[in-house]
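Here is a short report for a first look at this protein. Start with the sequence and the model below.

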Amino acid sequence: MSVKKTTQFKQMLQSDRLEFLLEAHNGLSAKIVEESGHAGIWGSGLGISAALGVRDNNEASWTQVLEVVEFMSDATTIPLLLDADTGYGNFNNVCRLVKKLEQRNVAAVCLEDKLFPKTNSFLGEQQPLADMDEFCGKIKAAKDTQQDPDFCVVARVEAFIAGWGLNETLKRAEAYARSGADAVLIHSKISKPDQILAFMQAWNEPCPVVIVPTMYYVTPTSVFEEAKISMVIWANHLVRASISAMQDIAKKIYVERSLLTVEDAIVPVREVFRLQDAETLKNAEDAYLPSRQTEHGRAIVLAASKGADLGSLTDDKPKAMLPIQGKPLLQRLTDHFHAVEIHDILVVGGYKAETITISDVKVEVNADWEQTKELSSLYTAVDYLNRPVVVSYGDIVFKNYILRRLLNEPGDIVVSVDANVIRTHAQTRFTDFVRCSRRSDTDYFEESVQLLEMNPLLPSNQADGEWIGLVKFSAEGARRVQTALQELHGRDHFNTLRMNDLFEHLIRQGHEIRVVYTNGHWLDIDDLEILSEAMEF
Ligand code: SPV
Ligand code: MG
């Protein structure tokens with residue numbers, strides 16, 4: 001189990017190392033903070049308000065801030081310290097805030113000793129501070145409210161900001177630490193670290209110190225380390241980075257009235273999808289949604305061949321009827337189709353077709369099976385290619401999700417391709433090697449992959465994968481295949497044509513064939529060795 005966010009944050013505060021939080025202001029930027037390697041997030045009041053288009057003066061209500069924080073927390077696994085300004089009211093509002101933050105898995109809250117509605121620390125001079133004792137009550141109330149013992153309360157001292165000296169700052173910091181604060185944040189807006197270093201010299205409470213070096217950013221980080229500061233907050237750098245990037249691109253698009261020069265200057269759309277983790281949803285859809293194309297769907301199984309390499313096992317039946325763990329291959333296929341609500345199943349038999357006795361399947365016979373290849377078998381079923389259909393080899397076993405994925409992929413003609421071409425048997429048997437518009441490892445699902453070539457003679461090291469013997473046609477795709485079959489049927493050597501010749505023909509005619517990649521989880525029962533592998537599948 002992963003370490004709780006609260007515990008992660010507490011450990012960061014208490015570790016001997018200098019730790020860093022980086023500002024985020026919404027779910028996306030929070031995720032970017034995490035991916036950058038930072039161990040924690042600063043939910044900046046300035047950043048969140050700016051991103052909402054309002055001032056950092058509590059113009060966004062506390063529940064509006066909470067909404068944003070919930071997205072940030074949900075999008076990440078690292079702890080978030082929320083800049084909750086003054087706590088949005090008195091101790092009672094703080095209690096309710098802490099309760100809500102814990103419910104949203106926020107690790108810690110930072111409260112500052114100013115007055116509601118707050119003003120950003122870098123605006124104006126001599127901002128009024130909260131009464132110290134009243135603020136101590138807020139700290140105590142927060143600590144008494146938290147349910148998780150590791151939830152942290154950071155007390156932010158604004159005395160330097162408000163023009164007070166070291167004594168007032170120390171007095172307040174000590175009072176807050178004694179009220180139960182897990183850390184004090186000492187803020188300073190001068191361009192040197194002098195106030196902070198003076199404070200650290202005088203500070204002798206065991207309470208960790210947090211700083212925000214926005215204004216004294218030229219100070220080397222080693223200075224903070226040597227001063228034994230616990231945590232540095234880079235407080236507003238992503239919101240500022242996003243502003244300059246957006247201003248730049250917005251201006252360019254306006255001036256150029258075109259996207260041409262900006263496209264390469266910004267992330268591709270697929271990066272947006274990646275950050276949104278769209279792929280997880282895609283996988284969930286495969287698992288939980290009924291397949292899109294099951295209505296009135298049909299399956300055609302090509303099962304004419306004997307399976308000569310299987311020896312005496314196929315003396316009395318075709319290989320599609322060989323039992324795998326007691327169940328004939330064809331029955332397994334039929335079960336897969338039933339599972340995706342395809343009940344109209346046609347098997348094209350040939351060798352010992354009379355032994356194909358699977359219930360609820362129609363059988364057509366390619367009487368010429370000995371002299372022909374798969375296209376002739378498919379031609380036997382040419383009249384059935386008049387609606388959405390899945391065509392499958394009769395000698396394959398696969399995990400059902402492969403079929404679901406195929407059905408869920410849009411496209412008129414879609415093939416399942418195993419990207420794992422170095423499978424042990426790939427070199428020795430007839431293999432439908434393919435080249436595609438993109439390899440599977442560069443395949444972002446939102447951009448479709450096209451089949452460029454299917455060629456058993458392709459050297460395996462040039463192949464992007466292997467067609468597994470499963471293809472889906474929409475009604476339109478099936479009609480194209482019907483036409484293609486008629487065209488090819490007129491040729492002299494039709495008897496020698498295989499499925500790869502059909503795909504090549506379709507590609508030559510400019511029809512798009514889409515690819516859905518898989519990685520293993522299927523077998524093609526070609527010989528005894530694979531048959532025994534299938535027994536364990
Ligand atoms: C924030 O990021 O909102 C802060 C830090 O409170 S500062 O803007 O420096 O006050
Ligand atoms: Mg703030």
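## Salt bridges

A salt bridge is a side-chain nitrogen of Lys or Arg within 4 Å of a carboxyl oxygen of Asp or Glu. Arg55 and Glu59 make one, with N and O 2.5 Å apart. Arg55 is exposed, at 56% relative accessible area. Glu59 is partly exposed, at 37%. This is a predicted model, and it holds 34 salt bridges.

Lys118 pairs with Asp56, their closest N and O atoms lying 3.5 Å apart. Lys118 sits in the loop between strand S4 and helix H6, and Asp56 in the loop between helix H3 and helix H4, so the pair ties together parts 62 residues apart in sequence. Both Lys118 and Asp56 are buried. They also belong to a salt-bridge network whose members include Asp85, Glu112 and Arg156.

Arg480 bridges to Asp412 at 3.4 Å. Arg480 belongs to helix H16, while Asp412 lies in the loop between helix H15 and strand S16, 68 residues apart. Arg480 is buried, at 18%. Asp412 is partly exposed, at 28%.

## Nonpolar cores and a surface patch

The largest nonpolar core has 66 residues. Ile300, Leu378, Met499 and Phe503 have the most contacts inside it. A second, separate core has 59 residues, among them Leu18 and Tyr88.

Val267, Val269 and Val272 form a nonpolar surface patch of about 250 Å². Val272 is in helix H11 and is partly exposed, at 40% relative accessibility.

## Confidence

The protein chain averages a pLDDT of 91, and 94% of the residues score at least 70. Where pLDDT is low, predicted coordinates should not be read in detail.

How values were computed
Residues numbered from 1 in each chain as written. Chains lettered and ligands numbered in written order. Predicted model: local features only at pLDDT ≥ 70, side-chain atom pairs only at ≥ 80, totals over all residues. Heavy atoms only, no water. pLDDT = per-residue confidence, 0-100. Core = buried A, V, L, I, M, F, W, Y, C linked by side-chain atoms within 4.5 Å. Buried < 20%, exposed > 50% of the residue type's maximum accessible area, 1.4 Å probe, protein only. Patch = residues over 30% accessible without salt bridge, like charges linked within 9 Å, V, L, I, M, F, W, Y side chains within 5 Å. Areas by Shrake-Rupley, 256 points an atom, 1.4 Å probe, with all protein chains shown as cover. Helix = DSSP H or I, 4+ residues; strand = E, 2+ residues; numbered from the N terminus.
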